[in-house]
Amino acid sequence: MKQLWLTAKLDIVESLRARWFQIYTLVFGGIVALLFLFGLTESRVLGFIGLSRLLVTYIQLTMAILPIFVLITTVRSVAGDREAGVFEYLLSLPVSLGAWFWGKILGRYVVIFLPVFAAMVGAVIWALIAGIEVPWGMFGYYTALIAVMAACFLGIGMLISAVARSTDMAQGAAFLVWLTLLLFLDLILLGVMIQGKVAPEVAVTLALANPLQVFRTAALALFDPQLIVLGPSAYVILDLFGATGYQIFALVYPTVVGLAAATLGYQLFRRGDLP
Amino acid sequence: MIKFQNVAKTFRRARVLDGIDLEIALGERVALIGSNGAGKTTLIRCLLGEYNHEGVVTIDGRSPRTDRTAVLGSIGFVPQLPPPLKMPVGQLIEFAASLCGSDPKRIFDIARRLGLDLDSANGVAGRQFVRLSGGMKQKLLIAIALGRDAKVLVLDEPAANLDPEARKIFFELLAERAESATMLISSHRLDEVSTLVNRVIELDLGKVVLDDRVADDVALTGRLDCRIVVKRPEAAFAKAMAVWKFTDRGDGLEWTGDVAGPDRLRFMGMASRYVALISDISLREVDEKLGASGTPN
């Protein structure tokens, strides 16, 4: 356990000094600042006003940015460390491979989740000071959604890092994974359905298997419980899960995907050449 | 103590190690030499349990791959290329000491002996490891490797970036461990390490092509008194002498100083660059019991 914490701490210390982390923090802090600056709390869309409106916009932007950010920075630093000889040296120290791999994941999880969460907390504090009503339920669920999103893409990133032997290959693979998930968002699926080339059940299953789509639908469900904007797929989702069931599914499924990817990555890492 | 039994490693189609059989006993100081691509680094990585390979590698009967923490706890490793770690030096020392279960003070002490300034306001303790000079990084990695009770020291070109003064202390540090540790010192060139070792193993194309015991005449703590006379004062020569901490009589013509025994070849290599300038040179082994003058201390 001590080795795991030491490795996690090492990764946190290294990340805090990395440029990607500074940019990452700046992006999410900047988004919240800009949303306040442009008076988003004053505007009204779909009946939402105040901090709810800001949180809805923030979660949508986070869903667009966080996955690719987490994937690219994870594979870059892990594969980059391997290429630069960091693994050769640090893995010559008496640390178990399990403690090393999972400690790295733990440390990285802290640094990718905290800035995004801190930006949301900052928005809440500002709302409390400005006397804007805080939707605590929405804040809690969105926090959980972001935590799960970070875990999911971190797990996928670690799997890619374990498979790819060079930074370039890892970066390419990470981008390809993100692009594939992006291509299978509901609009494209609906297009395919309309063309009649794929059965609607297959299209909806694909949408439900895509973590990006799962997050998107879950975020929508919070302010659009009937999922009207999704069109026909909404009937399948709501019949299958119900509104609350889907919200739970959106937290459980991506966590399982992330953990499964990380576990597979660990098995490959453990059995392969380390540096 | 260290056993390689029919060890082979293949990367895609390239066979980098090809049936290595070696036994290295406690107290042996082995030079692992060979040209680029000979397989030295791969052999070291197999010994550190970092590569999968054919055959068996054991240290005291245990595999560094399956028994990682126990085996690596007894190995001190200095890599040829320092890792680009961003963490401050103090934190790196604490991290390594915590993992190895050793006292960070021992590492700090050795780093200080090697000439690293860890205590002043401008000292290196708070600086990022990656921002140190090559020599400083090497001193620190040596301090981390030697600052614990390692029974095996694996040193990949350990003295390459050290100045003569630091090398002298490094040899003293190795001498202190000579009886209690096995040393595997990797280098491209035999002359860099020949005076440090009592066995030479040469690799070529993944095979052992030479395995020879060598006379252990050069004490790691040995010292040579040196005197050099030059025909005329020369700025470049004076600068080279200053690196070796030699002093002159004030006229830049007669220089005296001492050279660490294992560093004699390196020193003579430096002196050979000024062979046309040198009119007289003498190197005399110092008997530690008698002193340079030949009278008892």
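This is a predicted model: local features need pLDDT of at least 70, side-chain atom pairs count only at pLDDT 80 or more; totals for chains, interfaces and linings use all residues.
**View 1. Strand S3 (residues 29-33) of chain B beside strand S7 (residues 182-187) of chain B.** S3(B) and S7(B) pair in the parallel sense, and five bridges connect them. Within this pairing, Val30(B) has Leu184(B) of S7(B) as its bridge partner. Leu184(B) is also one of the buried residues of S7(B), on the side that holds Thr182(B) and Ser186(B) as well.

View 2. S7(B) is mostly covered, with six of its six residues buried.

**View 3. Strand S6 (residues 152-156) of chain B and the crossover to S7(B).** S6(B) pairs with S7(B) over five bridges, and the sense of this pairing is parallel.

**View 4. Strand S1 (residues 2-11) of chain B with strand S4 (residues 54-59) of chain B and strand S2 (residues 14-24) of chain B.** S1(B) and S4(B) run antiparallel and are joined by five bridges, with Lys3(B) standing opposite Thr58(B) of S4(B). S1(B) also pairs with S2(B), again in the antiparallel sense, over seven bridges. The bridge partner of Phe11(B) in S2(B) is Ala14(B), and the hairpin formed by S1(B) and S2(B) has two residues between the strands. In the turn of this hairpin, Arg12(B) has a positive phi of about 50°.

**View 5. The fold of chain A, built from twelve helices and zero strands.** Read along the sequence, the pattern of chain A is α-α-α-α-α-α-α-α-α-α-α-α. The C-alpha trace of chain A spans about 60 × 55 × 30 Å along its principal axes. Chain A has a radius of gyration of 20 Å, which agrees with the value near 19 Å that a compact globule of 275 residues would have. Buried residues make up 43% of the 275 residues in chain A. Among the contacts in chain A with a separation of 6 or more, 79% are accounted for by residues 24 or more positions apart.

**View 6. Leu51(A) in helix H3 (residues 51-84) of chain A.** Leu51(A) counts as buried because 26 C-beta neighbours lie inside 10 Å, where 20 or more are required. Leu51(A) and Ala127(A), although 76 residues apart in sequence, are 6.9 Å apart in space from C-alpha to C-alpha.

**View 7. The side of chain A that touches chain B.** Here 24 residues of chain A are in contact with 25 residues of chain B. Helix H1 (2-16) and helix H4 (86-90) of chain A each supply at least two residues of this side of chain A, and the largest share, five residues, comes from H1(A). By residue class, this side of chain A divides into 15 nonpolar, five polar and four charged residues.

Definitions and conventions:
Residues are numbered from 1 along each chain as its sequence is written. Chains are lettered from A and ligands numbered from 1 in the order in which they are written. Two residues are in contact if their C-beta atoms, placed from the backbone, lie within 7 Å. Helices (H or I, at least four residues) and strands (E, at least two) are DSSP runs, numbered from the N terminus. Ala, Val, Leu, Ile, Met, Phe, Trp, Tyr, Cys and Pro count as nonpolar, Asp, Glu, Lys and Arg as charged, and the others, Gly among them, as polar. The radius of gyration is taken over C-alpha atoms; the globule rule is 2.2 Å times the number of residues to the power 0.38. A residue is buried if 20 or more other C-beta atoms lie within 10 Å of its own, exposed if 12 or fewer, and partly exposed in between; C-beta atoms are placed from the backbone. Two strands pair if DSSP finds at least two bridges between them. A crossover is right-handed if, with the strands pointing away from the viewer, the path from the first strand over the helix to the second runs clockwise.
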